[in-house]
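Visitor: Please zoom in on the place where the two chains meet and talk me through it. After that, I'd like to hear how the rest of the model looks from there.

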Amino acid sequence: MEIDDGDDFTKKMEALKASFAAKLPDRLSEIEHSLGSLKSEPTAENIERRLTQILNFSHKLTGSGGTFGFADVSKKSAVVEERCEALLQEATAFRASYIDELDGLVRALETSIQNILIQGRS
Amino acid sequence: MGGKFKILCVEDDQDYFLFLKLMVDEYSTDNVEMELATTAGEGIDKLASNRYDLCLLDYRLEEQTGLDVLRAFKDRNIDTAFVFLTSHSKKEIAFEALRLGAMDFLTKSKFDRFEFEKTLSYAIYKKKNELKFEKLATRDSLTGLGNRNLFDEQLKSALMQSERNGERFGLIYIDIDGFKPVNDTYGHDAGDRVLQELGRRIGEQTRKSDISARLGGDEFALILMRVEDIAVVDRLARKIELSISSRPYDIENGQVSVGASIGIATYPDDGTDIDGLLRLADKRMYECKRGKKGISKFAFA
């Protein structure tokens, strides 16, 4: 995204970006909450429900993360989103290994978000 | 462009909505109004009940997708231009959106301000053009009053509205007396000047809610909505006749005078179908014309 005009616009944009960054932990919590529920209650119905939630949360993060200039968050989130999408479409039974894999992808997203927060504080 | 350019943003991410709003405000602060719908259902409801010029439509929404919104309006004639927003450049989703009638699609994760402004300016340009053509199709270019297309459409609406709400509406037919000799003697330019002035004088007498039109040649007509008393239609017809015939018309090298024959009919007193009301108003107008010799009279309803 290129911003090439007025100070006012740049300030407003920076404020939006800061507000978005400050809410990243909340967005991650939403994903983690759904993942936690998926782990504790791996029934077919709950798996589909929670995977759909994670897909929606990560989808939002992919789009807005990229928009606000957090390319790595967007990229990591897109990986979570795509994996959820694929898992929802898989005909085979959902296995515990999928949860571990998804957990790993969410951890990678968490690291990316923490890096931003650390950069913001420094 | 008359009125505000209205945008509906169907988006479940508040931060992204604020971002788009900032982009839109930066592009044009004066004349653009932007609203938010956070679900596909809310978006469909708002689009169905309000007029929006542009809809910025997110693909993935809580329960449904933006494609469902497009499907809901695929075969319905609404004026809204849709721009589809996806998180990634997924070709199959974007093409499906275009197939369902979206004007364009943008990728959120690779947002490009220039691309967004280009899309926005195209949507606004398209809207302005549509309004221009709509005006050309419904306005009489000489007098600025409505034309026959507009009159016919408004008459249908008037009937429906009055039927539904149990209201009365009035119809006034006006034929200009002595106009042909102006054209024949002084030429078409002089005739056009008289018609323009007639349009101005008729328009001056009407309320904002009335529809005034030039049906062609030297024939004019009015629709008066929500008339409580027939006498209101009669009074207006008299005022119009007076404004037409009481003062001369300036043309190049002089002045000319014309008069008016007027016939009126009201719904539901004189009939409940359009053809019957039109025939009656026309008949009364001709009765008026035949009954006088250069003097305007009314054929009362």
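**Where chain A meets chain B**

Guide: Let's start with one pair: A:Glu85 and B:Arg60 join their side chains in a salt bridge, with 2.9 Å from N to O. A salt bridge here is a side-chain nitrogen of Lys or Arg within 4 Å of a carboxyl oxygen of Asp or Glu. Keep in mind that this is a predicted model, where local features need pLDDT of at least 70, side-chain atom pairs count only at pLDDT 80 or more, and totals for chains, interfaces and linings use all residues, while side-chain values use heavy atoms, with hydrogens and water left out. As for labels, residues are numbered from 1 along each chain as its sequence is written, and chains are lettered from A and ligands numbered from 1 in the order in which they are written.

Now step back to the whole interface. Chain A brings 28 residues to the contact and chain B brings 21 residues, where contact means heavy atoms within 4.5 Å. Together, chains A and B bury about 2100 Å², with 53% of that on carbon and sulfur atoms. A:Phe9, A:His59 and A:Lys60 account for 26% of the area that chain A buries against chain B, more than any other three residues. Buried area is the accessible area (1.4 Å probe) that two parts lose on being put together, summed over both.

The parts of chain A that give two or more residues to the side touching chain B are helix H1 (7–22), helix H3 (44–67) and helix H4 (71–89). Of these, H3(A) has the largest share, nine residues. Sorted by class, that side of chain A has nine nonpolar, nine polar and ten charged residues.

A few terms need their cut-offs. Helices (H or I, at least four residues) and strands (E, at least two) are DSSP runs, numbered from the N terminus. For the classes, Ala, Val, Leu, Ile, Met, Phe, Trp, Tyr, Cys and Pro count as nonpolar, Asp, Glu, Lys and Arg as charged, and the others, Gly among them, as polar.

Which residues does A:Ser64 touch, leaving aside those up to four places away in sequence? They are A:Phe20, A:Arg27, B:Asp13 and B:Tyr16. A:Ser64 sits in helix H3 of chain A and is buried, at 1% relative accessible area. Buried means under 20% relative accessible area, exposed over 50%, and partly exposed in between (1.4 Å probe, protein chains only).

As for chain A overall, it has five helices and zero strands. Of its 122 residues, 44% are buried. Counting contacts with a separation of 6 or more in chain A, 63% are between residues 24 or more positions apart.

Over in chain B, B:Leu224 belongs to strand S8 (residues 219–224) and is buried at 1% relative accessibility. Not counting residues up to four places away in sequence, B:Leu224 touches several residues, including B:Phe169, B:Ile172, B:Val233 and B:Leu236. In the loop between S8 and helix H9 (230–245) of chain B you'll find B:Arg226, which has a positive phi of about 45 degrees although it is not a glycine. B:Arg226 is partly exposed, at 44% relative accessible area.

B:Asn253 also has a positive phi, near 65 degrees, in a residue other than glycine. B:Asn253 is in the loop between strand S9 (249–251) and strand S10 (254–256) of chain B, and is exposed at 80%. Further along, a cis peptide bond joins B:Tyr267 and B:Pro268, with omega about 0 degrees.

Last, the cysteines. With a disulfide taken as a pair of cysteine sulfur atoms within 2.5 Å, the count over all chains is zero. The sulfur of B:Cys55 is too far for a bond because the closest cysteine sulfur, in B:Cys9, is 7.7 Å away. B:Cys55 is buried at 0% relative accessible area, and B:Cys288 is buried at 4%.
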